[in-house]
Amino acid sequence: MELYNLMEDEVIKVIESMKNDIPDICYCDKCKLDMAAIALNNLSPKYVVTDTGYVYAKANNFNTQFNTDILTAITKAIGIVGKNPRHK
Ligand SMILES: [Zn+2]
């Protein structure tokens, strides 16, 4: 059994989906992880206990307020990283 932060999955998933909404910036692995780190620092973690990697509680636990918070945090993170990618 191990602890797993569902928010990580959710944030990565939403960043992927933002590629279409905010297209003109870099979404390489490095930038995506930077965005995820900034967003996750601004969000409450959502821990679940998993057994051999299987996540019991799936993302449908997320309510609308959650999704709004995630979108706000990620939009902000994309703005920060998009303006200042940590690579050439
Ligand atoms: Zn990049």
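Q: Which backbone atom does the side chain of asparagine 5 reach, and at what distance?
A: In this predicted model, the side chain of asparagine 5 reaches the backbone nitrogen of methionine 7 at 3.0 Å. A polar contact requires a pair of N or O atoms within 3.5 Å, and the distance of 3.0 Å meets that limit.

Q: Why is asparagine 5 called buried?
A: The relative accessibility of asparagine 5 is 8%. Buried means under 20%, so asparagine 5 counts as buried. Asparagine 5 is found in strand β1, residues 2-5.

Q: What is in contact with asparagine 5, leaving aside its neighbours within four places in sequence?
A: Leu40, Pro45, Lys46 and Tyr47 are in contact with asparagine 5. Tyrosine 47 is 42 residues apart from asparagine 5 along the chain, yet their C-alpha atoms are separated by 4.4 Å.

Q: Why does methionine 7 count as buried?
A: Methionine 7 has a relative accessible area of 1%. The limit for buried is under 20%, and therefore methionine 7 is buried. Methionine 7 has its place in helix α1.

Q: Why is methionine 1 called exposed?
A: Exposed means over 50% relative accessible area. Methionine 1 has 67%, so methionine 1 is exposed. Methionine 1 lies in the segment before β1.

Q: Which residues does methionine 1 touch, not counting those up to four places away in sequence?
A: Methionine 1 touches Val49, Thr50 and Asp51. For valine 49, the C-alpha to C-alpha distance to methionine 1 is 6.5 Å, and the two are 48 residues apart in sequence.

Q: What makes the arrangement of donor atoms around the zinc ion tetrahedral?
A: Four donors count as tetrahedral if all angles lie between 85 and 135 degrees. The four donor atoms around the zinc ion subtend angles of 94 to 120°, which makes the arrangement tetrahedral. Ideal angles for four tetrahedral donors are 109.5 degrees.

Q: How do you know which atoms are donors of the zinc ion?
A: Donors are N, O and S atoms within 2.8 Å of the metal. The zinc ion is coordinated by Cys26 (SG), Cys28 (SG), Cys31 (SG) and His87 (NE2), at 2.0 to 2.3 Å. Along the chain, these donors follow the spacing C-x1-C-x2-C-x55-H.

Q: Why is cysteine 26 called partly exposed, and why is cysteine 31 called buried?
A: Buried means under 20% relative accessible area, exposed over 50%, and partly exposed in between. At 30%, cysteine 26 falls in between and so counts as partly exposed. Cysteine 31, at 1%, is under the limit and so counts as buried.

Q: Why does lysine 32 count as buried?
A: The relative accessibility of lysine 32 is 14%. That is under 20%, so lysine 32 counts as buried. Lysine 32 has its place in helix α2. In α2, Cys31, Lys32, Asp34, Met35, Ala36 and Ala39 are buried.

Q: How do you know that the side chains of lysine 32 and glutamate 16 make a polar contact?
A: The limit for a polar contact is 3.5 Å between N or O atoms. The contact between the side chains of lysine 32 and glutamate 16 is at 2.7 Å. Not counting residues up to four places away in sequence, lysine 32 touches Ile15, Glu16, Lys19 and Tyr27.

Q: Why is methionine 35 called buried?
A: At 1% relative accessibility, methionine 35 is under the 20% limit and therefore counts as buried. Methionine 35 is in helix α2. Leaving aside neighbours within four places in sequence, its contacts include Ile15, Ile25, Ala77 and Ile78. Methionine 35 and isoleucine 78 are 5.7 Å apart, C-alpha to C-alpha, and 43 residues apart in sequence.

Q: Which residues have the most contacts inside the largest nonpolar core?
A: Val11, Ile15, Met35 and Ile74 have the most contacts inside this core of 17 residues. Helices α1 (6-21), α2 (29-41) and α3 (64-83) each supply at least two of its residues. The largest share, six residues, comes from α3.

Definitions and conventions:
Residues are numbered from 1 along each chain as its sequence is written. This is a predicted model: local features need pLDDT of at least 70, side-chain atom pairs count only at pLDDT 80 or more; totals for chains, interfaces and linings use all residues. Side-chain values use heavy atoms; hydrogens and water are left out. Donors are N, O and S atoms within 2.8 Å of the metal (3.2 Å for Na, K and Ca); water is not among the atoms, so sites may look incomplete. Four donors count as tetrahedral if all angles lie between 85 and 135 degrees; four count as square planar and six as octahedral if opposite donors are over 155 degrees apart and all others between 65 and 115; anything else is irregular. Buried means under 20% relative accessible area, exposed over 50%, partly exposed in between (1.4 Å probe, protein chains only). A nonpolar core is a set of buried Ala, Val, Leu, Ile, Met, Phe, Trp, Tyr and Cys residues joined through side-chain atoms within 4.5 Å. Helices (H or I, at least four residues) and strands (E, at least two) are DSSP runs, numbered from the N terminus. A polar contact is a pair of N or O atoms within 3.5 Å; within protein, one must be able to donate a hydrogen and the other to accept it, and residues adjacent in sequence count only if both atoms are side-chain atoms. Contact means heavy atoms within 4.5 Å.
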